[in-house]
Amino acid sequence: MQRSKSLLQMGVVVLLTTLIISCQKEMLNDEMGVPELKMAQTDGLTDLQLLGKNIYFDKISSPDNMACAGCHDPGLGFTGPNPGINLKGSVYRGAVPHRFGDRKPPSAAYAAFSPVLHIDEEGIFEGGNFWDGRATGEHFLLNPDAGMLAGMGLPSAEQALGPFLNPVEQNAPSKEDVLMQIAASKYAWLWEKVWGEPPRFV
């Protein structure tokens, strides 16, 4: 189970960086009126990048109505679908319609390039993905159990793990539930191709 959780972490890391280079900006509206993107051509993507892209666009939430792309839309600068909220800094609803987050989704466009939160030579804080320290990058830098991410210090990877389990965002009840949804997906074969085993959640 520990290996599968580490693999989930690695799959999530790919999400933010892959989409910057691989998404079309054609928009569709699903039954809830939330913008959704058509999948881009897969030419030039590695299997790992394609897996990350599939996870990013999959509605891995409870209930199953919210994908990462619902709040970090590549067609809108990797932020939310409502320009008024984006401009004024309000909040979006989560997968459960009456629950709202405590911040607007920041643009994920350059998040993968952010270093670990630190104080620079001038005494100024630099890095991380949030001003409040929500994703500093220290988790993967300091955690020897982070599998292949140990020692890397990736604020965007640390951040990407949070929304799946956050009750005011994607609301998945557990990491195992996230893995079960991936195992039941149309791209589960790709997970096995990339990692050499199917998603394990027990």
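## Salt bridges and a loop asparagine

K193 is exposed, at 52% relative accessibility. Exposed means over 50% relative accessible area, buried under 20%, and partly exposed in between (1.4 Å probe, protein chains only). This is a predicted model: local features need pLDDT of at least 70, side-chain atom pairs count only at pLDDT 80 or more, and totals for chains, interfaces and linings use all residues. Residues are numbered from 1 along each chain as its sequence is written, and side-chain values use heavy atoms, with hydrogens and water left out.

The structure holds two salt bridges (a side-chain nitrogen of Lys or Arg within 4 Å of a carboxyl oxygen of Asp or Glu).

| Salt bridge | N to O distance |
|---|---|
| D47 and K193 | 3.1 Å |
| R200 and E197 | 3.4 Å |

D47 and K193 form a salt bridge that links distant parts of the chain, 146 residues apart. D47 lies in helix α2 (residues 47–57) and K193 in helix α7 (residues 188–195). Helices are DSSP runs (H or I, at least four residues), numbered from the N terminus. D47 is partly exposed at 31%. In the other pair, R200 is partly exposed at 36%, while E197 is buried at 13%.

N166 sits in the loop between α5 (155–165) and α6 (175–183). N166 is buried, at 18% relative accessible area. Its side chain reaches the backbone nitrogen of V168 at 3.0 Å. N166 also touches R134 and N171, leaving aside residues up to four places away in sequence; such contact means heavy atoms within 4.5 Å.

Definitions and conventions. Helix = DSSP H or I, 4+ residues; strand = E, 2+ residues; numbered from the N terminus. Polar contact = N/O pair within 3.5 Å; in protein donor to acceptor, adjacent residues only side chain to side chain.
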